[in-house]
Amino acid sequence: MIEYFVTSASSFSGDIDDLFNLITVIIGVAFFLTLGTFIYFMFRFRRKKGVKAEYITGEKHKEKKWTHYPHYTVIALDVVIIAFNIIVWVHIKQTLPPKDNLIRVIGQQWSWAFIDAGPDGILDTEDDIATVNDLHVKVNETYHFELQARDVIHNFSVPVFRLRQDGMPGRTIKGWFKPTKTGTYDIQCAEMCGYGHGIMGAAITVHTKDSYKETIAQINNGTYESHYQKRKGSKTPLPSDTAQTDKESSFARLLARVF
Ligand SMILES: [Cu+2]
């Protein structure tokens, strides 16, 4: 159902969608059932000539069961939802499957920096590949990420992966994902992080082995063209550059003066 609106492109996105579907069905059935009963009663017991309204205290057992039974049902369904939540949570957040690649993701007002550990799998070495607002990964390989924030809380969100993780200044938060579909997708900061929050977008490109090699070669020889910029269809400067614009009347300058 959700796939119809947002592609599902990671190994665990299906599990998250299942959770959403489960909750939607349970809550949806309860919603229409309650509303249906309510509307039926409105007509069934509407004002009629010569009929006096009855005063019901709801204290007798016969009356109380109409409150209790739905209440127990709601609690039982809550338990079902929570049980499925825990299973998915343990699978995605508490388990770290063996990694094929390691990256560091750094959020800052208002851009994303990515450092791929490269072939040696160790960060902060010569073969690291650093990019801004563009993340390149290989399809069907497990990535571990180390998420950091430079200034305030950011949230590394990749909707097609159904992935969201807060980044906290001063902490390194570990997580993982495994892309399953090639293509270029959105990355968006999902935590209000200042007036530039709305433009804190980036792109993730999921490559086949060959196209990954090609892109990395382009990055290394300087012919690389940002997928993020290409996707935006323009050569406008990166969001993080807008504050450095020269134009006196620019929107960024205006905002900078206000704040
Ligand atoms: Cu942010």
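User: What makes the five strands β3-β2-β1-β5-β8 an open sheet in this predicted model?

Analyst: In this predicted model, 5 strands line up in the order β3-β2-β1-β5-β8, and the pairing is mixed. The ends of that order are β3 (129–132) and β8 (173–177), and each pairs on one side only. These are the edge strands. On average, neighbouring strands of the sheet are turned by 25° against each other, direction ignored.

User: How do you know that β1 and β5 pair?

Analyst: Pairing takes at least two bridges between two strands. Strand β1 (residues 101–108) and strand β5 (residues 143–149) are joined by 7 bridges, so they meet that cut-off. The two strands run parallel.

User: Why is the span of helix α1 called close to the expected one?

Analyst: Helix α1 covers residues 13–44, 32 residues in total. The expected span is 1.5 Å times one less than the number of residues. For α1 that comes to 46 Å, and the helix reaches 46 Å from its first C-alpha to its last.

User: Why is α1 said to lie largely in the open?

Analyst: A buried residue has 20 or more other C-beta atoms within 10 Å of its own. In α1 the number buried is 1 of 32 residues, so the helix lies largely in the open.

User: What share of the whole chain counts as buried?

Analyst: Of its 259 residues, 19% count as buried. The chain's secondary structure comes to 5 helices and 10 strands.

How values were computed
Residues numbered from 1 in each chain as written. Predicted model: local features only at pLDDT ≥ 70, side-chain atom pairs only at ≥ 80, totals over all residues. Helix = DSSP H or I, 4+ residues; strand = E, 2+ residues; numbered from the N terminus. Axes fitted to C-alpha atoms, helices over the stretch in contact; angles between N-to-C directions. Buried ≥ 20, exposed ≤ 12 C-beta atoms within 10 Å, placed from the backbone.
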